[in-house]
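Hi,

Here is the model I promised to pass on. Have a look first, and my notes follow below.

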Amino acid sequence: MMRTAIIGGSGVYDLNILVDPKERVIDTEYGAAKVKIGLYEDMEIVFLSRHGEGHTLPPHKINYRANIAALKNLGVERIIGTTAVGSINADFKPGDFVLLDQFIDFTKNRIHTFYDGAAVHVDMTNPYCPEIRKSVIDAAKALKIDLHEKGMYVCTEGPRFETGAEIQMFALLGGDVVGMTNIPECVLAREVEICYSAIALVTNQAAGISGGELSHSQMIDEMKSKQEGVKALIMNAATLIPGGRKCLCKDALRGAHIGELLTK
Ligand code: HPA
């Protein structure tokens, strides 16, 4: 059975709509990852809480490789992630949902690849899976949930928030939203040919935009108030994803391995 996984970000620590959920710890060569596997409308869904139960892991301490490797080991082919973001673009307000379509990576100290012993360069022209994106757009329409269908995500290292000057720079680059966790999660999924898409929830205006100070508790409150909407959107999208994959993500490693290309 093809498996879809949900990676829950800030405010989404449990799916609590899965039937008969079973907790499992999956050991990988990068470390262990805890997941819950259950049924939703006859689909097997794997749920992974990115920050751990009780939000104990900050963005720079998340074991992104263990998480994605565990999902790969479980036979997951599609991942939908949720992620809290600050808005840079004035059209994006707190409480809005944004379906990411591009990213710019400003992280500094993370392990970004599974391939340390080989030159593997995956294509990231379109980092988010078009098939899952379409399902999320269709789900939002069906549920009458307002959704920004595109958004450029800027990923920062954290855990501090950005300076006002950094946010101004990101605005000049065309960034719409800023967060700390989508990279390398999205990249690692592509590296193992898992389709990946992320729904961002705007929890605040980014630093310097509203003039006030940023507070994490305000963000968590915003996320909590929207968590049922996020879950409905994800689960509905999961049911709309077509059976067989026709996107390029599933063949991301074809032609990406330089060593193999040279010896062919
Ligand atoms: N900056 C970085 N990460 C975030 C923000 C922000 O303003 N809001 C939610 N996650």
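Which residue in β9 does F103 stand opposite? F103 faces Y153 there. Before the rest, some ground rules: this is a predicted model, where local features need pLDDT of at least 70, side-chain atom pairs count only at pLDDT 80 or more, and totals for chains, interfaces and linings use all residues. Residues are numbered from 1 along each chain as its sequence is written, and side-chain values use heavy atoms, with hydrogens and water left out.

**Around β9**

Helices (H or I, at least four residues) and strands (E, at least two) are DSSP runs, numbered from the N terminus. Strand β9 covers residues 152–156, and five of its five residues are buried (under 20% relative accessible area, with exposed meaning over 50% and partly exposed in between; 1.4 Å probe, protein chains only). Side chains in a regular strand alternate between the two faces of the sheet. In β9 both faces are covered, with M152, V154 and T156 on one side and Y153 and C155 on the other.

Strands count as paired if DSSP finds at least two bridges between them. β7 (residues 102–106) runs parallel to β9 and is joined to it by five bridges. β10 also pairs with β9 in the parallel sense, over three bridges, and V154 has V178 in β10 as its bridge partner.

**The largest pocket**

A pocket here is an open set of points on a 1 Å grid over the protein atoms alone, where a 1.4 Å probe fits, with protein on both sides within 12 Å along at least five of seven lines; lining residues have an atom within 4 Å of a point. The largest pocket is lined by 25 residues, and S10, F161, M180, H216 and M219 lie nearest its centre. Elements giving two or more residues to this lining are β5 (76–87), β10 (177–179), β11 (195–205) and α5 (216–240). β5 gives the most, with four residues.

R3 sits in strand β1 (residues 3–8). R3 counts as buried because its relative accessibility is 15%. Its side chain makes a polar contact with the side chain of E44 (2.7 Å); that term means a pair of N or O atoms within 3.5 Å, where within protein one must be able to donate a hydrogen and the other to accept it, and residues adjacent in sequence count only if both atoms are side-chain atoms.

K134, in helix α2 (residues 130–143), counts as exposed because its relative accessibility is 52%. The K134 side chain makes a polar contact with the side chain of D138 (2.7 Å).

Cheers
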